[in-house]
Each structure stands twice: as structure tokens, then as C-alpha cells.
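Keep the sequence and the coordinates side by side.

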Amino acid sequence: MRARLARALVALSLLGACGTTEPTQVVLVIGGQWEGEVPIDTVDVEVLGPDGTPRAATAELTNRPLPRTLGLVHTQGPLGPFLARIQGLSGGVPIVERRARFSFVEGEVRVLQLILSSACIDSSCEEGLTCDRGSCRVVDIAPSELTPYPQGGLDAGAGMTPADGGLDGGMLDGGVLDGGAPIPDAATP
């Protein structure tokens, strides 16, 4: 598991300590939909908090392609909004981007699925919009789009399959809780 975590994204500890005993987290599931050969070799994730503080993580895709998962941990302060920007890069040059503005749900672990798509390469959407599978949509994520983390892990019902750019396994690819403890297998979030 350590080797897998070392290759993957690093958790983003977004704030200090929360008053609830239940975890308050969002698990980003970053998938891909490509026509032909996958054009990206790296994924950069930047999350901007309500106070304007950015956090970033990077995943090299050379040894393992998308999908990737990243656990975001909220521990105090406003629950949102947070703005996630996911960029797919080729040779260090960004070629596709997906943005999402969301808020945490206190005391719950939620899943946010974001797809990088070849249909969005070289697309341009107006301010407040982002490209999602070839169409411009609002950046704001409705609470209903943050699905509850399934009891049996991500494979048990997060709604995406490897065929449509989604899930690959039942544990987080990258993530460290506050204090440096690894995020447990997805079966026990």
C-alpha cells in the first residue's frame, strides 16, 4: 500500500480541527474519456479554499493511467465553497481542464466524480462554466452531485466503471489524514 500511495496523489489537508467526531471529507474521483490514444501523462489538482489558500497535488500517469482518487479532509472553518481545478498535462503543457466548486457536508464522506475528456481539449467556456465531456456546464456542484461514500468502498456503488473513466479499486490512490496517518482502505473510510 505504501508504494501505491507514494506513486499517487497526496492528500490535501484543507483546514485545522473540526467539532464533529465523524469525518468530513470529499473523495475526488478523477476519470478520463478519450477518443484514441490518451493524450495526457500528468494530472495536476489545485484546490482553493474559501480563505484563498491553495493546496496542490500531482499524479504522474506513466505507470498507471486514470482513474485516480484523492481524499480531501476538512477539519475546521467554513465548509465551502472550495474550487477544485484539475488539469491534464502532456509534456508539462496543460491541454485539458475541469473545474468544480463545492462545499463539504459536515460529518459525512462524499464522492465527487470529475472527468477529463478529449472532447474538452482546446475548448473554451464562458466565465463560471467548465467543460464536462464536451459540453460547457456550471462550475458549481449541487449537493446532490456529491454522492455518499459507499459502505463497501468505491467499487460498491460510486456510480462509475473503468469503461466510462471511473473507478478502478476499492481504496484511495492517495491520501493522508491530518497527522500523517494513511487513509484506510475504502472498505473502512
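Two strands pair if DSSP finds at least two bridges between them. Strands (E, at least two residues) and helices (H or I, at least four) are DSSP runs, numbered from the N terminus. This is a predicted model: local features need pLDDT of at least 70, side-chain atom pairs count only at pLDDT 80 or more, and totals for chains, interfaces and linings use all residues. Residues are numbered from 1 along each chain as its sequence is written, and side-chain values use heavy atoms, with hydrogens and water left out.

Start with the hairpin. β9 and β10 (residues 135-138) pair in the antiparallel sense, over four bridges. Leu129 stands opposite Val138 in β10. Two residues sit between the strands of this hairpin, and Arg133 takes a positive phi near 55° there.

Now the whole chain. The protein chain has one helix and eleven strands. Of its 189 residues, 43% count as buried, where buried means under 20% relative accessible area, exposed over 50%, and partly exposed in between (1.4 Å probe, protein chains only). A contact means heavy atoms within 4.5 Å. Among contacts with a separation of 6 or more, 69% join residues 24 or more positions apart.

Ile121 gives a local example. Ile121 lies in the loop between β8 (109-117) and β9 (129-132). Its relative accessible area is 27%, so Ile121 is partly exposed. Leaving out residues up to four places away in sequence, Ile121 touches Trp34, Pro39, Ile95 and Val96. Pro39 is 82 residues from Ile121 in sequence, yet their C-alpha atoms are 9.5 Å apart.

How many disulfides does the structure hold? The structure holds two, a disulfide being a pair of cysteine sulfur atoms within 2.5 Å. One joins Cys120 to Cys131, with an S to S distance of 2.0 Å. This link is left-handed, with -80° about the S-S bond. Cys120 lies in the loop between β8 and β9 and Cys131 in strand β9, so the pair ties together parts eleven residues apart in sequence. Both Cys120 and Cys131 are buried.

Cys125 and Cys136 form a disulfide too, their sulfur atoms 2.1 Å apart. The link of Cys125 and Cys136 is left-handed, at -85° about the S-S bond. Cys125 lies in the loop between β8 and β9 and Cys136 in strand β10, so this pair also ties together parts eleven residues apart in sequence. Cys125 is partly exposed at 24% relative accessible area, and Cys136 is partly exposed at 42%. With the bonded cysteines numbered in sequence order, the pairing is 1-3, 2-4.
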